[in-house]
Amino acid sequence: MNNRAGSILWNLRQFSTLSPTSTTVRLYPLGFCRPKTVYSNWNPRNLLNNFENKMQSSIRYLFQDALIFKSEDDDFQTKGISTVTALTVNRLLCPRLLCFDSKQSPVSDNELKKINFHHQVTNEDVPTKETKPTPVTFRKLSQECNSLSDVLDTFSEAPTFPSSNYFLAMWTIAKRMSNDQKRFEKQLMFNHPAFTQLCEQMMREAKIMYCDHLLFSLYAIVKLGVPQNTLLVQTLLRVVQERINECDEKCLSVLSNVLEVMEPCKNVDVLRAGLRILVDQQVWKIERVFTLQSVMRSIGKDAPIALKRKLEMKALRELDRFSILNSQRMFEVLAAMDHRSIILLNECSKMVIGNIHGCPLKILINILQSCRNLRYRNLDLFKGIGDYVATTFDIWKLKQVLFLLILFENFAFRHTGLMDLFMKKVVDEPGFLNMKSVVSVLHVYSSLNHLCRDQTREFLEVMASALTGYLHHISSENLLNAVCSFCLMNHFPLAPINQLLQKDIISELLMSDDKERNVHKLHVLAACLKLDDAPYHKAVDLVLPSLPSAPLYPNAKVAEVLSSLLGEGHFSENVQLPHNYHIDFEIRMDSNRNHVLPLSDVNVVTSATDTQRVAVLCVPRSTYCLDLTHPRGFLAMKMRHLKVMGFHVILVNNWEMEKLQMKDAVTFLKSQIYSTEDPPTADVNFQSTC
């Protein structure tokens, strides 16, 4: 207290010695147009009493040879500023100017000595009455100006404080423009002679303007396309770092949005680290859900797990205050911070489902993308979205629905109603299919093993015709993907397969970076051509590299159950079949499937028709669609080919077998082995040579 009081008294003495009873301060501001001012009958005692009503001066040196802006050709403009300028305003600019501590005051001792006070007053210096400039706000500027150049023209005529108004006005105007117009206007803005002056003024004012003005300015500058490596942006980042403790809840929200739109760099990383510390201290004081979600989005995926959990707990406390928009946005927020909160996601899913009518498709797609990134699967949520889109199918573009189906395929979710509607639309309006959409549609329907009974043949013919039309433009890998999808659906269009089997195409596929994947799909094609009903391809022999042996997963419980049920020597384990097929267990039975034959007696049977081979497949969840009842494409194809090779197929779900007690497991396998019902493979399998 003594030091502060001494500093105040010292400043008062300095002003009293420098200023007589009638003193004129003539200002030559850079970027500030303020009227000349005369102090008459100056008394040091009135300094503090009338502080908010008097004009205050903040004296500081400006940047020497400052780098203002980086143009497209990477040439930098420099401007040497060596004069000492007295910046004068009519009101209190910032609470920071109230401090008279010599350590914190923006006016240093040396700077005070350099001020040139004119002791002689002339008629030119002392006007009797002067008009103050009209205050300018960014809202007024954005309404009066039609382009970014208009804002800069207004600034060049009469620049006022704070300069953030001009940047915010330009960003507001830019948001109303089309992309082409915005690109043209930004180029005019960069070339405008007043733009450099505005950047200079922004850097000078950064430390004295309000914190929220500073952050809004930085956000607008970045969104306007000012390169992040310019001195203007980096200077503002440094000033925000210095003033981060001044951030209230509003500033936290703006700062979060700023960090979200900026690319990583040293100053951005430091600022994000500071934000994390500040949020960790103030998380329980945040009142608005929107601010909380903005902060959660911006802290980054590499934030400490303790901070993520603290923010999760804060969000759970605010669940009762969540609006529909908050619930929709929470999926994207959690994906941005890479935090999988099942409780939050479940609660927000319920609100999304309950208020889904009228929801834009873009928001639904964002929700599904976030669920994919978070590895979150909610059958009720997906079904609700699918039902809504199917109900309002006619109002959506087919490309939008296709993108939604692609996302559903990522979750292995098969919405039969929506997929049937889309198939019918493709048959009726095939003109929307381009090369990319043809490959995508084939992948979705073959992966989910979905074929509508009423539209299958027409659908496959339309898709084959569309693919044939793009054979001169399609890449070899896309052609392989499309043909492999047709093979999964047991459909063999002649022209695409003939082009794929050309030697140069095969060589290109075997030399690509993704060779192993291509070899696997070529083996699938070869197996389908030999095993399925495509007689004109029977003579085709592909010489392909051998596939690596598939990893063998232990099925100890199933082996134990079979031993208990059938006895040793009545089944084989890990049987390798032609065409790279592998089965977990093989059982030999009589043709009526009433008795299990010991392996030693199989050779005694003279006719193959007297023996029924049974293949037991232990399958994981990933081989089914999300409802765990419908086999996906590759499993359905394998079951189809095993039947062609003479096997009866039994599916054993690994996750269900692990839950069963030994007695229940024996009962389950006994009912499957001696049952005459075949497990479902696909809706319909068609053979075609079109």
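Me: Hi! Before we look at two helices, what counts as a helix here, and how are axes and angles defined?
Reply: Helices are DSSP runs of H or I with at least four residues, strands are E runs of at least two, and both are numbered from the N terminus. Axes are lines fitted to C-alpha atoms, for helices over the stretch in contact, and angles between N-to-C directions run from 0 to 180 degrees. This is a predicted model, where local features need pLDDT of at least 70, side-chain atom pairs count only at pLDDT 80 or more, and totals for chains, interfaces and linings use all residues. Residues are numbered from 1 along each chain as its sequence is written, and side-chain values use heavy atoms, leaving out hydrogens and water.

Me: Great. At what angle do H25 and H26 pack?
Reply: Helix H25 (residues 503-510) packs against helix H26 (residues 515-531) at about 135°, and their axes are 8 Å apart.

Me: Which residues make that contact?
Reply: H25 brings Ile506, Leu509 and Leu510, while H26 brings Lys515, Asn518, Val519 and Leu522; contact means heavy atoms within 4.5 Å.

Me: New topic: where is His582?
Reply: His582 sits in strand E8 (residues 581-590).

Me: Buried or exposed?
Reply: His582 is buried, with a relative accessible area of 19% (buried is under 20%, exposed over 50%, partly exposed in between, with a 1.4 Å probe and protein chains only).

Me: What about Cys487?
Reply: Its closest cysteine sulfur, in Cys528, is 4.5 Å away, too far for a bond.

Methods:
A disulfide is a pair of cysteine sulfur atoms within 2.5 Å.
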